[in-house]
Amino acid sequence: DRGSVQNSPKSYDVEYLMPVSLGTPAQQLNLDLDTGSSDFWVFSTLLKESMINGQTLYDPNASTTADKMEGYSWKITYGDQSYSSGDVYVDTVTIGDLTVSTQAVEAAREVSEEFTADSDNDGLVGLGFGIINTVMPYKQKTFFEKAMPGLDSPVFTADLKSGAPGRYNFGYIDDGAYTGNITYVPVNSSDGFWSWVSPGFQVGTTGSFNNTRIHGIADTGTTLLLLPEGVCEAFYGRIASAKYDASQGGYTFECNDSTTPDFYFGTGNGQMIRIPGSYLAYSKIDTSSLRCFGGMQSDSGVGFTIWGDIALKAAFIVFDQGSERLGWAEK
Ligand SMILES: CC[C@H](C)[C@H](NC(=O)[C@H](C)NC(=O)[C@@H](CCSC)NC[C@@H](N)Cc1ccccc1)C(=O)O
């Protein structure tokens, strides 16, 4: 079996949403595929009105295939301190023609203001590893873990694009979606994330390759690229107008600064992925400014190095749960 679904970026590529069908008859919601968490949760009719702001709600009572998991609950907190919690139903879920008939759908009773404010986002499909699923008293499998046994191949792939729709594929690798070879790196899933080690980085085409290993997670649900302080300093040190601006909470530089270099990160076997300098001028700090907030920021605040969408949209990535490895290719 296999599946394929289009993902669409919101403005500034802040997140990528995909259509998902839940229940019978199908209720379609736009969800955020998040490899940095492992709960499948949705805005639902259980929420207080004050927490809803235009989102599409999953109504388990309108689904003939929904069964409440009595006595089960969930509560999740994210790195940005946002959170959500609620009840659990088993129901049928289809993503890109791939159906899981008994998915644990976590119906929100409460969401933090960040989620309420994001009116296009109806919830998250966590595709990290199930060991960090928050459902109590017994944790539940992710959508991918439920689908995996029936797939042609135990992989899903992410093709995120800058300012354009891309695709998530399940169960197969589309050889037309990338160039060159796929370099595979081992994943350590013990903390539930797609954790891997990059052998190093290079700033611009002329810079030397820095053999400093970078331990981090591949997280489709995080917008920016959060790297160790030393890497940020090496990169921003090459941009004439760059500075750390405490009032903005990060590095900023003139959006059209012609000294902005590309950023390369190693994936192994001498292969590097090139992030165009233009991706790193993430967004104007305000409409009248000529300065941009950097797409690469320090990971010191979060405590994790996160290869977020800024990096992922420069590559074609294979999340190989069957072999616990990540595949990286240019595209
Ligand atoms: C360290 C962060 C918290 C507190 C930690 N939670 C996590 O690691 C959770 C599972 N993952 C996350 O908070 C992050 C990874 C942080 S680094 C470990 N990924 C998911 C995040 N991008 C999801 C999101 C998407 C859209 C809007 C907001 C949030 C915990 O529960 O202990």
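A pocket, worked out on a 1 Å grid over the protein atoms alone, is an open set of points with protein on both sides within 12 Å along at least five of seven lines. A molecule sits in one if more than half of its atoms lie within 2 Å of its grid points.

This is a predicted model, where local features need pLDDT of at least 70 and side-chain atom pairs count only at pLDDT 80 or more, while totals for chains, interfaces and linings use all residues. Residues are numbered from 1 along each chain as its sequence is written, and side-chain values use heavy atoms, with hydrogens and water left out.

View 1. The ligand takes up the space of the largest pocket.

View 2. A polar backbone atom of Gly79 is 2.6 Å from a ligand oxygen. For Gly221, a backbone N or O atom lies 2.8 Å from a nitrogen atom of the ligand. Thr222 brings in its side chain, with a polar atom 3.2 Å from a ligand nitrogen. Taken alone, the ligand exposes 690 Å² (Shrake-Rupley method, 1.4 Å probe), and the protein buries 75% of that.

View 3. The structure has 11 salt bridges (a side-chain nitrogen of Lys or Arg within 4 Å of a carboxyl oxygen of Asp or Glu). One of them pairs Lys10 with Asp120, their closest N and O atoms 3.7 Å apart. Lys10 is in the loop between strand 1 (3-9) and strand 2 (16-22), and Asp120 in the loop between helix 1 (113-117) and strand 8 (123-126), so the pair ties together parts 110 residues apart in sequence. Helices (H or I, at least four residues) and strands (E, at least two) are DSSP runs, numbered from the N terminus.

View 4. Thr24 and Pro25 are joined by a cis peptide bond, omega near -10°, and Pro25 belongs to the loop between strand 2 and strand 3 (27-34). The bond from Met136 to Pro137 is also cis, with omega about 0°; Pro137 is in the loop between strand 8 and helix 2 (143-147). Tyr12, which is not a glycine, has a positive phi near 60° and lies in the loop between strand 1 and strand 2.

Methods: A polar contact is a pair of N or O atoms within 3.5 Å; within protein, one must be able to donate a hydrogen and the other to accept it, and residues adjacent in sequence count only if both atoms are side-chain atoms. On a 1 Å grid over the protein atoms alone, a cavity is a set of points where a 1.4 Å probe fits but cannot get out, and a pocket is an open set with protein on both sides within 12 Å along at least five of seven lines; lining residues have an atom within 4 Å of a point.
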